[in-house]
Amino acid sequence: MGLFGKLHALRAIVLACGLIWLGPASSLRAEVPDTPAAAETAHQPFGLPASPLPGGRLLQKWLAVQTRLDDELVQLALCDGDRDGCVSPAALKLLAIVDAARAREGRARIGEINRAINLAIKSTSDLAQYGEIDVWTSPLVTFTRGAGDCEDYAIAKFVALRLAGIAPDDLRIVIVHDPMRGEDHAIAAAKLDGRWLTLDNRRMAMVEDADARNYRPLFVIDRDGAKRYDAVPLLAGLPRPAPPAVLSIAAAPGPVSQAY
């Protein structure tokens with residue numbers, strides 16, 4: 001088999017794996033159920049029910065990111081198999097972060113990726129970088145530029161955590177509203193021992209979702225698609241759950257204010 005044939009076969013394998021861990025893009029296009037009772041009630045970050053989105057700008061942006069991830073997974077697989085021959089400094093940098101995380105367990109693994117990605121990316125607005133607002137980029141684009149806004153941090157963490165071995169059911173990207181700043185914001189979330197930890201580029205310390213009380217959750221993204229949280233008050237106005245037996249972890253600065 002020639003080089004082209006090998007690359008074609010590798011791409012097929014990686015794409016198949018990508019669909020397994022990111023979820024089939026077609027599933028994102030599922031229509032919203034006709035009845036309110038069909039609202040998705042499985043445990044989500046912030047402990048709130050959410051309903052699938054049938055369309056809209058946020059869904060389109062996530063679908064576009066997933067398409068770019070297909071190609072990036074091929075490049076990452078090639079670089080992972082031949083570090084010396086890898087021609088992508090961005091891929092090598094991301095893989096080094098994943099390697100360091102794989103050497104750790106539990107909270108330390110999540111914290112390693114959170115800290116390393118916060119330090120690897122300079123917080124920069126889309127307007128400053130691209131001359132437009134609300135551009136979502138895939139991890140290798142973000143690492144090539146070395147800069148991004150909150151969505152870029154969250155997407156990079158979502159992908160790196162999965163590559164490091166975190167189960168897809170335990171990963172989310174959450175769009176929240178920050179009333180103190182008057183803007184929307186994106187964070188990653190990872191579930192550990194039944195508790196959701198928020199990975200926020202505005203802080204290095206990971207915070208449990210119950211402690212992120214100044215955020216109003218709007219949307220949640222996982223391997224199956226994008227969902228809208230049911231209308232809820234500010235978390236600061238909700239009863240505080242009993243503190244967990246174990247918790248505390250690791251995330252640095254970031255921007256953005258968009259309507260979805």
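A residue is called buried when its relative accessible area is under 20%, exposed when that area is over 50%, and partly exposed in between, with a 1.4 Å probe and protein chains only. The model on display is predicted, so local features need pLDDT of at least 70 and side-chain atom pairs count only at pLDDT 80 or more, while totals for chains, interfaces and linings use all residues. Residues are numbered from 1 along each chain as its sequence is written, and side-chain values use heavy atoms, with hydrogens and water left out.

**First stop: D193**

Select D193, which has a relative accessibility of 73% and therefore counts as exposed. This residue sits in the loop between β5 (183-192) and β6 (195-199); strands (E, at least two residues) and helices (H or I, at least four residues) are DSSP runs, numbered from the N terminus. Although D193 is a residue other than glycine, its phi is positive, near 55°.

**Second stop: F46**

Is F46 buried or exposed? With a relative accessibility of 9%, F46 counts as buried.

Now select W62 and F158 together. They form an aromatic pair with 5.7 Å from centre to centre and 90° between the planes, an edge-to-face arrangement. Rings of Phe, Tyr and Trp (its six-membered ring) pair if their centres lie within 6.5 Å; planes under 30 degrees apart count as stacked, over 60 as edge-to-face and the rest as tilted. Which parts of the chain does the pair tie together? W62 belongs to helix α2 (residues 57-81) and F158 to helix α7 (residues 150-163), so the pair links parts that are 96 residues apart in sequence. Both W62 and F158 are buried. The structure holds 1 aromatic pair.

Display the side chains of C79 and C86, which are joined by a disulfide with an S to S distance of 2.0 Å. A disulfide is counted when a pair of cysteine sulfur atoms lies within 2.5 Å, and a search of the whole structure finds 1. The torsion about the S-S bond of C79 and C86 is about 70°, so this disulfide is right-handed. C79 is buried at 4% relative accessibility, and C86 is buried with a relative accessible area of 13%.

**Last stop: C150**

Finally, select C150, a buried residue with a relative accessible area of 0%.
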